[in-house]
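Colleague: Please show me how to read the features of a protein model.
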Amino acid sequence: MNPIKNVLFSAKKIYYSMRVKSVAKSCGEKLYVGGKSFVTPNTELGDNVNFNGMSIHGMGNVKIGDNFHSGVDCQIITSFHNYEGGALPYDNTYISKDVKIGDNVWLGNNVIILGGVTIGDGVIIQAGSVVCKDIPKYAIAGGHPAVPFKYRNVDHYEKLLLEGKFH
């Protein structure tokens, strides 16, 4: 990377990091923002949260646990048009649903998480997936809609957890 691009890249990281910290309801220690990222005032972030391009939209509450990592171009969408309201295809009201993400969760690139979802501790979501249902602890999930297709080795996971080995 040439020096000018390197300075611009660093400036963007600082800008988005400050923006996330100033907008979020709460933010733990060691926030890293490596790409264009936006949160809402209803967003709570744990410690060691790493955004490489996260957009959080809507009025629902979003709680993200510790040691979270996102790939690029991930989205959390918590508000939806009301298609059962007084007009077609939808009216001017919105339905908002909360999202809860546990500790040690990793999202691949281009993951979309819809409101009303809980993602358990230790979950990995495959790149390009759409999460519209709860994902249990330790699951490795993917697809449209995302479904678990494998699980982490729980003994190995808990050993690393006890040793405090976090990236």
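The dialogue below treats a sheet and some aromatic pairs.

Modeller: This is a predicted model, in which local features need pLDDT of at least 70, side-chain atom pairs count only at pLDDT 80 or more, and totals for chains, interfaces and linings use all residues. Residues are numbered from 1 along each chain as its sequence is written, and side-chain values use heavy atoms, with hydrogens and water left out.

Colleague: In what order do the 5 strands of the open sheet lie?

Modeller: Strands (E, at least two residues) and helices (H or I, at least four) are DSSP runs, numbered from the N terminus. Two strands pair if DSSP finds at least two bridges between them. Here the order is 1-3-6-11-14, with parallel pairing. Strand 1 (26-27) and strand 14 (118-119) are the edge strands, each pairing on one side only. Strand 3 (residues 43-45) and strand 6 (residues 62-64) run parallel and are joined by 3 bridges. Leu-45 stands opposite Ile-64 in strand 6.

Colleague: How many aromatic pairs are there?

Modeller: Rings of Phe, Tyr and Trp (its six-membered ring) pair if their centres lie within 6.5 Å; planes under 30 degrees apart are stacked, over 60 edge-to-face, and the rest tilted. The count by this rule is 4. One of them, Tyr-15 with Tyr-16, is edge-to-face, at 5.0 Å centre to centre and 70 degrees between the planes. Tyr-138 and Tyr-157 also form an edge-to-face pair, with 5.0 Å between centres and 70 degrees between the planes. Tyr-138 lies in the loop between strand 16 (130-131) and strand 17 (139-143) and Tyr-157 in helix 2, so this pair ties together parts 19 residues apart in sequence.
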